[in-house]
Amino acid sequence: MRPIRLGMVGGGAGAFFGPVHRTAARLDGRFELVAGAFSSRPEAAGEGAALIADAARSYPHYRAMIEAEARREDGVELIAIVTPNHLHYPVAKAALEAGIAVLCEKPLALDLEQARELAALASERDLLFAVAYTYTGYPMVRQAAAMVRAGELGTLRGAQIRYVQDWLATPVEAGGSKQAAWRTDPRLAGPGGCLGDIGTHCYNLLHSVTGLNAVALAADLQASVPGRALDDDVQIMLRLENGARAGIWATQVAPAVAKNGLDFHIYGDKGGLEWAQEAPDLLRFTPVGGNSVLMRRGAGGLHPAAVAATRLPAGHPEAYFEALGQLYRDIAEHWTQRSRAPLFGARVADGVAGIAFVETAIVSSRSNGAWTAMIPQAIAN
Ligand SMILES: NC(=O)c1ccc[n+]([C@@H]2O[C@H](COP(=O)([O-])OP(=O)(O)OC[C@H]3O[C@@H](n4cnc5c(N)ncnc54)[C@H](O)[C@@H]3O)[C@@H](O)[C@H]2O)c1
């Protein structure tokens with residue numbers, strides 16, 4: 001089976017996540033990176049050429065790339081968008097209009113109107129559109145989702161999802177951090193700071209694992225660092241569609257041992273599950289009135305969805321690269337089978353839901369944390 005021809009926008013020299021995408025895409029040999037517009041600086045096209053076989057396919061601008069690649073018989077089939085957030089919409093729109101499928105970074109767009117337009121365009125053109133919610137690729141996250149669906153937790157009663165970082169605890173955006181500079185600028189990041197950057201991962205995990213949507217939320221967003229235009233610390237209560245309660249705490253200013261302290265505790269009337277992404281091979285299940293069980297990726301007795309997302313034997317750790325690699329593998333499976341099997345937690349509908357979450361949280365916080373109905377996504381979920 002020949003590899004799918006991949007193009008990339010963003011992810012040039014000094015970028016954080018582009019190199020993670022390139023590694024993840026290569027893991028299973030199902031993609032070949034053949035073209036890119038890797039940088040905001042057109043003159044950097046030469047540096048990007050080192051990343052691909054044909055230097056002529058490193059373009060100075062994404063529009064030049066999409067135009068040229070759409071004309072080629074062997075042009076790119078999927079574009080990974082790994083730029084700051086404000087470019088997700090224009091790049092994705094241009095790719096879809098040229099008939100090219102998209103894997104877009106989160107948050108999907110700057111507002112719900114853009115997000116819905118992208119979803120509609122992908123649907124009209126019958127093109128695959130995935131959103132890179134990396135954490136849904138972890139085998140033990142898939143195990144948790146399978147356990148919930150199998151009724152092993154009983155009726156869900158509640159969930160707490162936390163994402164704790166501290167790298168924005170000081171005004172590093174003023175000190176030359178590129179990643180911090182765009183993430184704290186509403187024109188480039190969108191209306192949510194920490195909310196859009198990592199709060200959306202929390203909401204996506206809540207929905208992906210429980211299978212439930214939120215119907216209302218009460219949010220308190222704060223910019224802790226003086227002068228910062230966007231929130232950096234987010235506390236949200238949510239009501240889920242089955243009557244369960246949930247909480248999200250996402251922060252980029254809380255010093256802690258964990259540096260990407262994403263974890264969840266989800267519980268029902270039969271048992272509870274706990275998982276933390278800094279030890280992603282482990283999942284704890286505690287039945288009501290019983291002893292806790294420590295489950296391990298790669299060991300026996302797991303659901304098929306967790307087994308299918310596992311590459312290495314138990315004890316050889318898998319983590320971040322493999323989680324994103326799983327999203328690429330899911331796309332390749334979907335692609336080659338042309339099945340309509342949904343991508344787990346990484347569909348365009350999940351991206352739209354993330355933007356609806358951001359917008360609802362901002363409305364609530366501006367109303368002094370009032371309970372606010374979730375803005376409808378208006379697309380199939
Ligand atoms: N899914 C995840 O787990 C995850 C993790 C990290 C980042 N992200 C997302 O990935 C995206 C990139 O984040 P990052 O931390 O890598 O940012 P970054 O600042 O490190 O990298 C951004 C890259 O985009 C390039 N770029 C900017 N404008 C461009 C243009 N007009 N044309 C082509 N390239 C352009 C920059 O030159 C740079 O190479 C963001 O949307 C972020 O939210 C997602």
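1. Let's start at the ligand: one of its nitrogen atoms sits 2.8 Å from a polar backbone atom of Ala-132. That is a polar contact, meaning a pair of N or O atoms within 3.5 Å; within protein, one must be able to donate a hydrogen and the other to accept it, and residues adjacent in sequence count only if both atoms are side-chain atoms. Before you go on, keep in mind that this is a predicted model, where local features need pLDDT of at least 70 and side-chain atom pairs count only at pLDDT 80 or more, while totals for chains, interfaces and linings use all residues. Residues are numbered from 1 along each chain as its sequence is written, and side-chain values use heavy atoms, with hydrogens and water left out.

2. What else touches the ligand? A backbone N or O atom of Ser-39 is 3.3 Å from a ligand nitrogen, and a side-chain N or O atom of Arg-183 is 3.0 Å from a ligand oxygen. On its own the ligand exposes 860 Å², and the protein buries 93% of that (accessible areas come from the Shrake-Rupley method with a 1.4 Å probe; for residues, only the protein chains shown count as cover). In total, 27 residues surround the ligand, and the closest are Phe-16, Phe-17, Asn-85, Ala-132 and Gln-179; here a residue is near if one of its heavy atoms lies within 4 Å.

3. Now the record. In the model, residues 4–133 are 37% helix and 20% strand, with end C-alpha atoms 20 Å apart. For residues 141–274 you get 27% helix and 34% strand, and the ends are 10 Å apart. Helices (H or I, at least four residues) and strands (E, at least two) are DSSP runs, numbered from the N terminus.

4. Look for an open sheet of five strands, ordered E2-E1-E3-E4-E5 with parallel pairing. Two strands pair if DSSP finds at least two bridges between them. At the edges are E2 (31–37) and E5 (129–131), each pairing on one side only. Neighbouring strands are turned by 20° against each other on average, direction ignored. Inside, E1 (residues 4–10) and E3 (residues 78–82) share five bridges, and Val-9 has Ile-81 as its bridge partner in E3.

5. The other open sheet has nine strands and mixed pairing, in the order E13-E12-E11-E10-E6-E9-E8-E7-E14. E13 (293–296) and E14 (372–373) are its edge strands. Follow the hairpins: E10 (residues 261–268) reaches E11 (residues 271–276) through two residues, with His-265 opposite Glu-274. Then E11 joins E12 through five residues, and Gly-272 has Thr-286 as its bridge partner in E12.

6. Finally, the other end of that sheet and its helices. Antiparallel E7 (residues 214–222) and E14 are joined by two bridges, and Ala-216 stands opposite Ala-373. Helix H12 (residues 348–366) packs on the sheet, touching E7, E8, E9 and E14, at about 60° to E7. Contact means heavy atoms within 4.5 Å; axes are lines fitted to C-alpha atoms, for helices over the stretch in contact, and angles run from 0 to 180 degrees between N-to-C directions.
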